Amino acid sequence: MNGHIENREQRLQSLIEAHEREFPTSPSVGVRSPGRVDLMGSHTDYNEGFVLTLTIDRDTWIVASPSNEDTITLRSLNLDSTCSFALGDTEVLDGWGRYVQAVAMTLSGAGYPIRGFHGVVHSTIPISSGLSSSAALEAAVATLFEQLGDFTLDKLEKASLCQQAENEIVGVNCGILDQYSSVFGEQGKAVVLDCRSLSHKATAIPSDLRPVICNTCAPRKLTGSEYGERREQCEKGAAYFNALDSNLKTLRDVSPGIFADHEANLPHLVAMRSKFIIQENARVAELAGALEENDRSRIRTIMAASFIGARDLFEIGVPAMQSMFDSMSSAPGCVGCRQAGAGFGGCMIALVESNKTSDFIDQVKDTYERETGIHADVYPIRSSAGSGVLPTFR
Ligand code: GLA
């Protein structure tokens, strides 16, 4: 079973049947956790900045039953593979199972009663495409442990523990955006996340605009060091300003005016990265305001400026993203579009006039394929609630 399944009953039935086939019992617990798409705020999270994020109706489901041994066995229907480990194991698994193990180890390290289980997982979030499939798996696993161990994590603690699992055990130095979004997402709303206070304000997307994911489906040519390099360059920028004035703790505190006065003193790359973050942070409030007023020309301008800054200053663009941006911008009904996630390929996002969504999708696919030879995955989404228990298991 792969990819997106429209029918929730059918999806749940497939998971339950797989559980009954693989394990001796029926599942007693079922949880879900969504992916996210950022409408604005690329790489601002680890700079204590702002992100306008939307939790999407592509999600990860796990059904499970407690096991009497201290082992965890989880079967993935997407990957047709099983991960298995004992709770006391200190050697971390390779592959997707390490996300599960990382959450088990982190929650257990924080003193929560972690129980062994047998389970089956299925996700409709494409893997490695910038929609937070890893964070959704982590948050689903944490939610599952809450159910099995009969404890409730404070939501912020849940997001932070999942981030800690990813930082310390999986070894990816990500910010809080993905895990926070997956845990806190609000149905029917986008969220302005403040990555310093770790709080958010929900904001509406005009009802006549539809978010559409445009997956470039281009092979990602990352060496793995790009994300860490960008982070270091931002930290160098912040350190420069902090040495000038200790109130300037991160790039979030640096105004465009102060930045302009000192730009020439910074190493070239540090200046480019810092400039992008300072501008991108401001664009979050600007876009939230433009959406509130449904001011289409501002929405278009702000989103385009983010794409151009990400390409020219932060340098996280690749040719496929340019082709996708051009295809999206010229397609019928496109109000605004930009990159999503960490960049370097993966998914992009457009806000489209609702009544032109299918024309938009057809044209983007055609133009992009003509240009790149790649068949893109393009689909509308709706915002969904954050992690929780599947209704059947409540
Ligand atoms: C990845 C990381 C996030 C965030 C984005 C870029 O998704 O996991 O923490 O930094 O990139 O905004």
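Strand E9 and strand E10 (residues 347-353) run antiparallel, joined by 5 bridges. Pairing here requires at least two bridges found by DSSP between two strands. Strands are DSSP runs of E, at least two residues, numbered from the N terminus. Across this pair, Cys334 stands opposite Val352 in E10.

Now the whole sheet. It is open, with 4 strands in the order E9-E10-E8-E11, and the pairing is antiparallel. Its edges are strand E9 (334-339) and strand E11 (377-380), each pairing on one side only. On average, neighbouring strands are turned by 20 degrees against each other, direction ignored. The axes behind that angle are lines fitted to C-alpha atoms.

A word on the source. This is a predicted model: local features need pLDDT of at least 70, side-chain atom pairs count only at pLDDT 80 or more, and totals for chains, interfaces and linings use all residues. Residues are numbered from 1 along each chain as its sequence is written, and side-chain values use heavy atoms, with hydrogens and water left out.

Next, the ligand. Where does it lie?

Then the polar contacts, pairs of N or O atoms within 3.5 Å. A ligand oxygen is 2.5 Å from a side-chain N or O atom of Asp45. Polar backbone atoms take part too: one of His43 is 2.7 Å from a ligand oxygen, and one of Gly175 is 2.9 Å from a ligand oxygen. Alone, the ligand exposes 310 Å², and the protein buries 92% of that, by the Shrake-Rupley method with a 1.4 Å probe.

Note on methods: Polar contact = N/O pair within 3.5 Å; in protein donor to acceptor, adjacent residues only side chain to side chain. Axes fitted to C-alpha atoms, helices over the stretch in contact; angles between N-to-C directions.
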